[in-house]
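Thanks for coming. I have one structure today, and I will go through a few local features of the chain. Please have a look at it first.

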Amino acid sequence: MTVSDELQYILKSREPRTAATFAAADIRLETVSVTMRDGIRLATDLYLPPRLPAPVVAVRTPYGRDADRLVAPFMSFARRGYAVAVQDLRGTGGSEPDDYDFYVFEPEDGHDFVEWVSAQDWCDGFIGSVGGSYVGQVQWPMATHPKMTTIVPEVSGLGVGVKTASYHMVVNALARTIGHGEEKSDVPFWQLEPMMLDETWATGFFNEPFVNPRLAELSQTFPELKELSTGEAQAWLWARYCSLTCAERADFVRGLAGSPHVTMVDVENIGPLFGQGISIDRHTLPAVDPAAQVAGLRAIPLLRTGWYDWFVNDALETWELLREHAPEPLRSQARIIVTPSAHNLPGYKEGMGEHEELWHNHWSNVDFTLAWYQTVRDGSVDDWPRVIYYLMGANEWRTADDWPLPEAVDTPFYLGAGGTLNTTPPEQQQAADQYVYDPLDPTPTVGGHIVSWVYPPGSVDVSEVQRRGDILTYTTEPLEHDVDVVGKLRALLYVSSSAVDTDFAVRLSDVTPDGRAVQLVNGLLRARYRDLERGAEPLVPGEIYPLEIDMWVTANRFKAGHRIRVDVSSADFPRFDRNTNLGGAPGDPVTAAQTVYRDASHPSHVVLPIC
């Protein structure tokens with residue numbers, strides 16, 4: 001189904017079409033300090049329209065409450081009758097203290113902020129939020145407050161999406177640009193990243209032991225760990241971490257990292273201590289049981305994400321969790337929109353000259369947010385499609401009753417001889433393809449699901465990269481008719497390696513008649529984490545293993561005459577860190593001889609959901 005003409009117009013518009021009720025001069029601006037439960041004061045700007053009390057847009061940000069790109073939409077909301085309260089997170093902007101701790105104080109601060117807003121005489125009882133990335137993450141703690149009405153977290157989720165390798169390119173530069181602290185840079189992230197490019201390419205070598213040595217160290221503090229297996233110890237530590245207050249969690253992370261305050265790098269690095277299934281965004285609202293966590297939400301969520309966002313898998317996993325475990329009426333009123341964008345930037349670039357929506361920055365789409373707020377205020381959420389998504393290739397907005405699409409049929413495409421890809425299972429025996437992965441010359445990131453001002457996020461032509469000797473490429477014949485692939489993708493590869501630990505990456509691309517290979521999505525599996533429930537385990541060199549690789553999600557029409565292509569490699573660097581193939585042993589990185597099997601006993605394939 002396609003979306004209504006009215007909603008399509010809103011999704012394409014760059015400027016609000018909703019008429020302003022008040023002039024800019026009518027909006028009263030104030031700056032106040034809001035005191036948190038521990039006495040820390042957070043700077044908060046208020047945009048108050050003449051007619052009060054009013055519905056409220058409540059925003060918390062680490063990026064500066066008075067940043068130019070944020071002030072414009074705030075003023076737009078206020079001119080249309082909404083009071084706006086925007087707050088610098090603790091340790092950022094004009095807020096106390098002098099040091100910034102990443103994520104750990106958000107559960108308490110978010111709750112306290114909503115409590116304060118709801119008690120103000122200019123609040124009429126409706127409190128909505130909006131914003132992306134970190135500004136999206138802090139909305140989840142706000143949603144646990146019973147007086148929060150609705151949240152609109154963009155490119156954000158509860159951290160339930162799993163990755164098995166660590167982000168490398170974005171982390172170091174971003175961690176140095178947010179918040180107060182002596183080591184923080186005044187250079188903005190988009191300028192610092194290119195300045196750090198040589199450092200980025202010289203680092204990012206993964207070589208951790210299979211059992212985290214910190215577990216043994218922590219057993220001196222927590223004797224309970226001594227009698228537990230590695231998996232049990234990780235689960236015990238995570239449960240204890242979740243039971244702590246925000247200040248206690250901050251002390252825990254600082255102690256492990258040996259840092260005076262908590263950084264993004266620290267939180268990323270301690271993840272394996274709790275188990276690889278605990279991602280960085282789980283720290284925004286830590287919980288042992290995500291299902292019980294969702295059951296505690298009180299605000300109606302409208303999730304906004306993009307097919308090329310670096311956490312799109314998490315947003316959609318969060319959606320499924322909401323649909324299964326959120327309380328009514330929140331469960332049935334939750335909505336999601338998946339755009340063709342990257343992380344707050346354009347993503348899909350095919351047809352940008354003809355399709356205005358491909359240029360859109362949805363955070364600035366005030367009309368869309370206003371339409372949702374009014375829908376919630378009117379009690380007419382049922383009038384909105386449950387799922388709105390953009391079908392790339394067709395360049396059309398579509399709607400669905402749920403996600404994943406019930407009508408999608410999982411269809412295996414088998415890796416074949418001569419680089420072919422088809423739906424016919426292999427019949428031959430002992431057929432295999434080989435390549436050598438060198439950590440010192442890793443298969444490079446050229447685009448895709450990244451946050452970067454050096455590499456282009458979103459769809460890029462990867463045909464040149466696919467000619468490298470460390471990539472295996474498999475392609476269908478030109479399609480006789482359009483094929484719509486919409487949903488979760490996965491690969492099942494039968495592989496062996498000369499290494500005790502290594503990575504395997506699988507990418508899907510749309511090959512146009514002129515030979516370009518437009519990257520759609522790719523996933524990477526660190527082989528030691530091939531079974532997350534069992535924990536990290538080495539490979540036996542030469543032994544064949546079935547590896548199931550999560551390739552995340554997409555929605556694309558492969559047009560007639562196009563070809564579907566899958567490629568296999570062992571790195572996506574510097575998007576992810578690169579495996580040294582050593583499995584924790586000392587020494588310089590070593591090459592790994594990789595074999596992908598594609599015979600009747602080992603039918604390597606990808607599964608594409610076709611509508």
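Let me begin with a definition: buried means under 20% relative accessible area, exposed means over 50%, and partly exposed is in between, with a 1.4 Å probe and protein chains only. This is a predicted model, where local features need pLDDT of at least 70, side-chain atom pairs count only at pLDDT 80 or more, and totals for chains, interfaces and linings use all residues. Residues are numbered from 1 along each chain as its sequence is written, and side-chain values use heavy atoms, with hydrogens and water left out.

Now Asn395. By that definition, Asn395 is buried, because its relative accessibility is 13%. Asn395 sits in the loop between β12 and β13 (396–400); helices here are DSSP runs of H or I with at least four residues, strands are runs of E with at least two, and both are numbered from the N terminus. Phi of Asn395 is near 55 degrees, a positive value in a residue other than glycine.

Ser133 lies in the loop between β6 (131–132) and α4 (134–137), and is buried at 16% relative accessible area.

Next, cis peptide bonds. One runs from Trp403 to Pro404, with omega near -5 degrees, and Pro404 is in the loop between β13 and β14 (409–415). Another runs from Phe573 to Pro574, with omega near 15 degrees; Pro574 is in the loop between β22 (563–569) and β23 (578–579).

On to the aromatics. Rings of Phe, Tyr and Trp (its six-membered ring) pair if their centres lie within 6.5 Å; planes under 30 degrees apart count as stacked, over 60 as edge-to-face and the rest as tilted. How many aromatic pairs does a search of the whole structure find? It finds 26. In one of them, the rings of Trp372 and Trp384 have centres 5.2 Å apart and planes at 70 degrees, so this pair is edge-to-face. Trp372 is in helix α16 (residues 366–378) and Trp384 in the loop between α16 and β12 (387–391), so the pair ties together parts 12 residues apart in sequence. Trp372 is buried at 0% relative accessible area, and Trp384 is buried at 11%. Elsewhere, ring pairs link Phe77, Tyr82, Phe126 and Tyr373 into a cluster.
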